[in-house]
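Hi there,

Here's the structure I promised to pass on. Have a look at it first, and then read my notes on the salt bridges below.

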Amino acid sequence: MNTTALIKNKEYELSFLKHFQDNDFNLVDFSFIESLSWQSLTKDDLQQMTERSFWQHDHHIYALRNDFTDQLLRYYSNYPPQYHRVAYTGPIIRDNEVYTQLGIEHYNPTISDMQDDFLTFYKFIKTTLNDDIDFVILGHYQLIDLLLSANEQTQDILNLIQERNISELTTHLGSAHPVVQLLTTKTTEQLNLLNQLFPYDHKTIQALRRWEQWFKSNAITNIHLDITPQPPRSYYKGAFMRCHLKNNKSQQLTGGFYKGELEGFGLGFIL
């Protein structure tokens, strides 16, 4: 990174923190190096270890941060949070590369809280980054429970859905199966198809529809449904979104709802 880009990113970090402080978020700062204990690691933590840079010293495990939401969830699960809304910036490690992440967490949020948090982040993107949202990929981590019976939720079928392997899914599930029908429909029309296939008042469909209608009410109209992702952590149980920017195509505002030891809504952005 050259000097100009370095200074600009630092200015973005500072602007981000000031922006959210002005909007009544509390600023938090956590160590880039986490101290962990084998005995207290959850199943989610253990699954992450293959993704993380870690080492052992004097019977302690140390790992470089790879995700702020995970780190804060671990900390606040042991030490109840003083604040319900926090904002942060700092380095994370992904695929042996260092990135700067800007993000927020809102604990025990209402639907209105989540929408307000998104608007606050969206304003930062428009006013500070001079960019806008081009399109949104919307999904729900519990949608798979609606689309597949318990017997159908084998790892092979889940892998085929992630791969969007329509021919193999048709062989295993049949052409009339909702998963096959959805994957053969344009992503911008899949939410309408969901309403035809399942009761409109199902809570998962309601959550997706609520976000879709809210985005459109804020002039974000290019919305695509994605039924393929599996939750990266067991506590990701709600709606998620990936918002791609118009000018800088490589940048995304990502986030969603989670419920584990704590219930929360998070949004993150990598510079």
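Predicted model: local features only at pLDDT ≥ 70, side-chain atom pairs only at ≥ 80, totals over all residues.

Residues are numbered from 1 along each chain as its sequence is written, and side-chain values use heavy atoms, leaving out hydrogens and water.

Now the pairs. Side chains of opposite charge can pair when their charged atoms come close. Searching the whole structure turns up 11 salt bridges (a side-chain nitrogen of Lys or Arg within 4 Å of a carboxyl oxygen of Asp or Glu).

One of them joins R233 to D70, with the closest N and O atoms 3.1 Å apart. This pair links distant parts of the chain, 163 residues apart. D70 is buried too, at 2% relative accessibility.

Another salt bridge brings together D117 and R85 (3.9 Å, N to O). D117 is buried at 0%, whereas R85 is partly exposed at 23%.

Then there's R164 with D226, at 3.0 Å from N to O. These two sit 62 residues apart. R164 is partly exposed at 44%, but D226 is buried at 8%. Salt bridges with shared partners join R164, D226 and R242 into one network.

Cheers!

Methods:
Helix = DSSP H or I, 4+ residues; strand = E, 2+ residues; numbered from the N terminus. Buried < 20%, exposed > 50% of the residue type's maximum accessible area, 1.4 Å probe, protein only.
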